[in-house]
Amino acid sequence: MRTVQEESFPNEVESIKDGKSFTRNSRLKQLSIECAERALRVRSRINAAEQLSTPSKNPMILDRNHHTVKLWIIAMHRTRHHTGVEATVNECRQHYCILRLRPVTRTLFPQCLHCRIRAAIPPHPRTGDLPACRLAHHQRPFTYTGVDYFRPLTVTVGRSQQKRYVAVFTCLTVRTIHLEIATSLSTDSVIMNLRRMKARRGQPAQIWSDNGTNLRGADNELRQAMDRATSSPSSLGQQAA
Ligand SMILES: [Zn+2]
């Protein structure tokens, strides 16, 4: 680092050796500099502190634009597990006094591949168009309905603890919801919930759901009932009666 100082501040080193003051254009003119242990050091006010070494009390002054100084700052950043700008600046200041340290540290960060990868934000994929049921304006709510179940809730019935599921019906257009309590996840329970929902909210034109076993079972059963009803008009009349 003494060699770095001689390359960065040749005029100042010569002035110190000759016992002269710095020139008016010197970058160190405004600082309190002294020569100790064959290096230019910043004079501080903590010389009375005991158990502190000279580099701690009077750190060497370095130029931020020197290549060795930049490598040393990057090394400090890496050995401190890729800390941020402020933490790296703090670590560096405990060893040397580097002119305008924070701006140069900030410019060195993009050179660290590890930090670039860590800070990278993955690009968001383009979202697809909404289906028509999400855009069905001027329709009664629940004309297009989505249905799903959520996990069992434990309820107290008498002295026993029993499970109850909740069926969530949601209008796909205006996103309002309708809740129904289900005693089980069976096909019969799904059909009963559908009947209760339709009685309150009206007949949906479409019902969307995931491929839950109970929902698939209810779908098959309703389709079979529809086929039986449409194949024989007499049975339809009996059911209507
Ligand atoms: Zn890094």
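This is a predicted model: local features need pLDDT of at least 70, side-chain atom pairs count only at pLDDT 80 or more; totals for chains, interfaces and linings use all residues.
Student: How much space lies in the largest pocket?

Tutor: Rolling a probe the size of a water molecule over the atoms shows where empty space is left. On a 1 Å grid over the protein atoms alone, a cavity is a set of points where a 1.4 Å probe fits but cannot get out; a pocket is an open set with protein on both sides within 12 Å along at least five of seven lines; lining residues have an atom within 4 Å of a point. A volume is the space filled by probe spheres on the points, which are joined across faces, edges and corners. The largest pocket holds about 840 Å³. It has 30 lining residues, and Leu194, Ile207, Ala218, Asp219 and Leu222 are the closest to its centre.

Student: Which element gives the most to that lining of the largest pocket?

Tutor: Elements are DSSP runs numbered from the N terminus: helices (H or I, at least four residues) and strands (E, at least two). H9 gives the most to the lining of the largest pocket, 10 residues. Elements that each supply at least two residues include helix H8 (187–201), helix H9 (213–231) and strand S5 (144–157). By class, the lining has 17 nonpolar, 6 polar and 7 charged residues.

Student: How many cavities of 30 Å³ or more does the search find?

Tutor: The search of the whole structure finds 1, and the largest cavity holds about 60 Å³. Ile73, Ile74, His77, Thr88, Thr105, Leu108, Phe109 and Cys112 line the largest cavity. Helix H4 (67–79) and H6 each give two or more of these residues, and H4 has the largest share, with 3. The lining divides into 5 nonpolar, 3 polar and no charged residues.

Student: At what angle do H5 and H6 pack?

Tutor: Two packed helices are described by the angle between their axes and the distance between the axes. Axes are lines fitted to C-alpha atoms, for helices over the stretch in contact, with angles from 0 to 180 degrees between N-to-C directions. Helix H5 (residues 85–93) and helix H6 (residues 101–108) pack at about 130 degrees, with axes 10 Å apart. That makes H5 oblique to H6 (under 35 degrees is roughly parallel, over 145 roughly antiparallel, 65 to 115 roughly perpendicular, the rest oblique).

Terms used
Residues are numbered from 1 along each chain as its sequence is written. Side-chain values use heavy atoms; hydrogens and water are left out. Ala, Val, Leu, Ile, Met, Phe, Trp, Tyr, Cys and Pro count as nonpolar, Asp, Glu, Lys and Arg as charged, and the others, Gly among them, as polar.
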